[in-house]
Amino acid sequence: MKIISVVGARPNFMKVAPFIKAIKENPQNINVEHLLVHTGQHYDDRMSKAFFEALNIPEAEINLGIGSGTHAGQVGHSMIELEKVFVHEKPDWVVIYGDVNATMAATVTAKKLHINVCHVEAGLRSGDMKMPEEINRLVTDRLADLLLVPDKLSIENLRKEGVPESKIEFVGNIMIDTLEANHEKASKLDINEILQKNALSLSHFVSLSPKSPYALMTLHRPSNVDDKTILEAITQFIRNEVTKEIPLIWAVHPRTEKQLKAFGLWNQLMDTENIYLVHPLDYHSMLKLNMHASIMLTDSGGLQEECTVLGTPCLTMRWNTERPITLREHGGASVLVGNNIERIRKEFFDTLQQERKPERPELWDGKTAERCLQAILNYEGE
Ligand code: UD1
């Protein structure tokens, strides 16, 4: 059997790593040939290469070098190049992950060539059609043959859309396989070394005292970073309130760095005391910081999930989430705060008082990749 995995952006890399490992270990010794295709949507070393190295992902056999661009540009170019690869390689399956542009581009291209498609992390829905990822999810799940879901709420979403049961398989969350496999290595890292190694500027660097509490932040959604009024309000809240209370480590996504500079907000952040602005972090460094953070502020879906398992109290800076299982009302660690400063302020001060409370949703057990491979091998068609 020949399988091609297609990845494109950072959140795909921690999902493909355990799948490749499961194929290598393949207990039933079924002959599986695997090819990895990287569309190249994320191309910076810190957004891509660092993850391949840290997670032992073999170098992609094929890199399409798509790079940045508009959504249609990224998807269109990816489709043109993927079509050539699929026609030439004739895979039995194309496996795609999550909800990035590569996920949808590969699905549409493969289905038009009558190739089976398996979606790892199917069934998530935010209901927000302004999110590019929601469009990617809807198109992908409508077309894919095998929908591997991370939690039971996602099964319900697919049922409501009329997806036949035969296409759906509950396998758990593959991101947690990666978290489990790397927890020990991450726990040995030193927080100040991480901060120094990744600092955007060392001119005001002061070591964090051991056991000092800190807040951790990431932000990259267009809805938070592309509008000056919103991004300015968030940075003011951080400078005037958060950093007065607790040191803040902010791992700045390339998109966000560009916008902060374009809006003239960068220099004042750099000059703020008690703030640690760092480059996008490698997997183990982010995991280590998350393990000890007093609070997470993020708009990332993956971090919401990791906070649930690690128990880090999390403010999700969005109005909705495709991952409701991570919310406090479903036993998770996170609360939706959107980008309204009043709401963020209230939840920030309330949440700072909370203890860590690790939770394990069903089948978030580190063995999801094996179940994904089994589901493909057992597939009998509709
Ligand atoms: C993408 C995904 C999103 C995911 C996020 C995680 C889609 C639709 N979005 O959003 O689901 O949560 O990745 O990071 O696929 N850039 C660099 N270097 C890089 C990558 C990007 O400088 O390595 C710049 C690009 O030039 C662009 C901006 O960052 O201007 C945004 O990149 P883009 O790939 O469009 O989307 P993300 O916001 O990263």
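Colleague: How far is an oxygen atom of the ligand from an N or O atom in the side chain of Arg255?
Modeller: This is a predicted model, so the distance is computed from its atoms. Two N or O atoms make a polar contact when they lie within 3.5 Å. The Arg255 side chain and the ligand oxygen are separated by 3.1 Å.

Colleague: Which residue has a polar side-chain atom 2.7 Å from an oxygen atom of the ligand?
Modeller: Asp44 uses a backbone N or O atom, at 2.9 Å from a ligand oxygen. The residue with the polar side-chain atom at 2.7 Å is Lys258.

Colleague: What percentage of the ligand's exposed area does the protein bury?
Modeller: Take the ligand alone and it exposes 750 Å². With the protein around it, the buried part of that area is 90%.

Colleague: Which residues are closest to the ligand?
Modeller: The ligand is surrounded by 21 residues. By class they are six nonpolar, nine polar and six charged. The closest are His42, Asp44, Ser68, Glu133 and Lys258.

Colleague: Which element gives the largest share of the shell around the ligand?
Modeller: Elements giving two or more residues to this shell are α1 (10–25), α3 (71–89), α5 (132–143) and α11 (254–262). The largest share is three residues, and it comes from α11.

Colleague: Which element gives the largest share of the lining of the largest pocket?
Modeller: Several helices each supply at least two lining residues, among them α2 (45–54), α13 (283–292) and α14 (301–310). The lining as a whole has 20 nonpolar, 15 polar and eleven charged residues. The largest share, five residues, comes from α11.

Colleague: How much space lies in the second largest pocket?
Modeller: The second largest pocket has 26 lining residues. Ala17, Pro18, Lys21, Ala22 and Ala181 lie nearest its centre. The space in it is about 520 Å³.

Colleague: Which element gives the most to the lining of the second largest pocket?
Modeller: The lining divides into twelve nonpolar, seven polar and seven charged residues. At least two residues each come from α1, α7 (174–187) and α16 (368–378). The top contributor, with seven residues, is α1.

Technical notes
Residues are numbered from 1 along each chain as its sequence is written. This is a predicted model: local features need pLDDT of at least 70, side-chain atom pairs count only at pLDDT 80 or more; totals for chains, interfaces and linings use all residues. Side-chain values use heavy atoms; hydrogens and water are left out. A residue is near a molecule or strand if one of its heavy atoms lies within 4 Å of it. A polar contact is a pair of N or O atoms within 3.5 Å; within protein, one must be able to donate a hydrogen and the other to accept it, and residues adjacent in sequence count only if both atoms are side-chain atoms. Accessible areas come from the Shrake-Rupley method with a 1.4 Å probe; for residues, only the protein chains shown count as cover. Helices (H or I, at least four residues) and strands (E, at least two) are DSSP runs, numbered from the N terminus. Ala, Val, Leu, Ile, Met, Phe, Trp, Tyr, Cys and Pro count as nonpolar, Asp, Glu, Lys and Arg as charged, and the others, Gly among them, as polar. On a 1 Å grid over the protein atoms alone, a cavity is a set of points where a 1.4 Å probe fits but cannot get out, and a pocket is an open set with protein on both sides within 12 Å along at least five of seven lines; lining residues have an atom within 4 Å of a point. Grid points are joined across faces, edges and corners, and a volume is the space filled by probe spheres set on the points.
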